[in-house]
Amino acid sequence: MSDKPQFASRIGLIAATVGSAVGLGNVWRFPAEAQAGGGAAFLFIYILCVLLLGVPVMVGEFALGRSGGSDAIGSFVNLGARRPWWGVGALAILASYMILCFYMVVAGWTIEYLWESVTGALYAAVPDGNESMMFARRMETYIGSAWHPLVFTAIVIVINICVLLGGVQKGIERLSNLLMPLLFLILIVFACVALSLPGAAEGLRFFLSPDFSKLTPGVVISALGQAFFSLSLGMGILITYASYFPRTTRLTRTAVTVSMLDMLVAVMMGVIIFPAVTTYGLTGESLRGATLVFVTLPEVFARMPGGTFWSALFFLLLSLAAITSTISIAEVTIAFLQDRFRMSRRKAVSATLLPLFIFSSICSLSQGPLNHITIAGFNIFDFLDNVATNIMLPLGALLLCIYMGWFAPRGLLQDQMSCGGMYDFGKVNRTVAFIIRYIAPPLIAIVLISYFI
């Protein structure tokens, strides 16, 4: 594995891994979950889930990827795992590709809204007092269009092809070094603007004041699910990226850094969203899912001085998050094709992304002209979303923890977390290993089972 590509610097490694984690889930899922879960009560549980479970599971994926030195399947093979365990890697690759099919479509929506914000078309002829209805109709018309979303989905796929052809250092790492600082800069600007709004105090009071009456077992399960979703656990991304880590990379420290930065993005989105929506009296269903991003926030921008500029800046932020996520998700399959089938980088990128011109188009059309085609009561887009994110990801994370805790080569975790004895194994690493073996599996199983109850 001497010819295996590696990240060139620790900053690039962190930027790429954070870029894989920071995505649309931090923007539209976290505020909705926080609102339903009692503000700071949900935030507190979410932070605990990230630190006590998210970090250990991430370390487990890192350890598997770096020690195996290959893709999500090849890492199991290289460690001598028996054939049934290869299915864990296969599950991660399949889930990531299913997610990629519809994620490209959503990323295309963000590019479209960025373009319409820049040109001013998004806010053309908005009737006073009817902004919500106007933007809801615009979203429904756009997403249900037969061809318009296909153009922007294709643009996202082309961007991914151009970046991923550059490989690990010249493609993924170089782009991440550029986009992630820009993303955090835009977040800081928006946080400052949000805190200057008239309803900032009320919004922060809701977000940062705990309502423990809403803290139910369901909210705890939702917080754990949000932690896993936002950290991209169980998708094969972290296994794949860890195979590019230098031997000297301290896995626990890296996992903590990535988790803290990802958590910071989610918290900053809360600081941005809640003052904005309370200032303009927008609550309840307006914070739910795509409604928040494509209806509620444009309504906020339409009422703000200089709203077109802030709208363009926000959708630029969203587009950056979406593109860095699609690139990392696509790399899972690309690495698999390169390592398992000895494909060149160009062929692997082509084999991964060119079919998406068809698959993602079908997902897009399932929101409109093809919405009569259903699987288990869902259209194709929603079926892939529900099965991949709610079933396959937690199942993959559960099986990975069981393997790393009980079936991996003896001493593997200790060796990887101490970088082959370069550093002391320490109490922190021993605690992480204990959680991977005894704590994480039953809790992940609860999340998985709860989906079917």
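This is a predicted model: local features need pLDDT of at least 70, side-chain atom pairs count only at pLDDT 80 or more; totals for chains, interfaces and linings use all residues.
Local features shown here need pLDDT of at least 70 and side-chain atom pairs count only at pLDDT 80 or more, while totals for chains, interfaces and linings use all residues. Residues are numbered from 1 along each chain as its sequence is written, and side-chain values use heavy atoms, with hydrogens and water left out.

**View 1. Helix α10, residues 217-230.** Helices are DSSP runs (H or I, at least four residues), numbered from the N terminus. Take 1.5 Å times one less than the number of residues, and the 14 residues of α10 should span 20 Å; the end C-alpha atoms sit 20 Å apart, so the two agree. Just past α10, S232 has a positive phi of about 60 degrees.

**View 2. What α10 packs against.** Its buried residues (under 20% relative accessible area, 1.4 Å probe, protein chains only) include V219, L224 and F228. The partners of the buried α10 residues include α3 (40-68), α12 (251-279) and α17 (380-407), with contact meaning heavy atoms within 4.5 Å.

**View 3. Helix α12, mostly covered.** Of its 29 residues, 21 are buried. First to last C-alpha, α12 reaches 42 Å, close to the 42 Å expected.

**View 4. Y46 in the largest nonpolar core.** Such a core is a set of buried Ala, Val, Leu, Ile, Met, Phe, Trp, Tyr and Cys residues joined through side-chain atoms within 4.5 Å. Helix α5 (residues 83-119) gives the most, 20 residues. Beyond neighbours within four places in sequence, Y46 contacts residues including F30, A223, D262 and M263.

Definitions and conventions
Helices (H or I, at least four residues) and strands (E, at least two) are DSSP runs, numbered from the N terminus. Buried means under 20% relative accessible area, exposed over 50%, partly exposed in between (1.4 Å probe, protein chains only).
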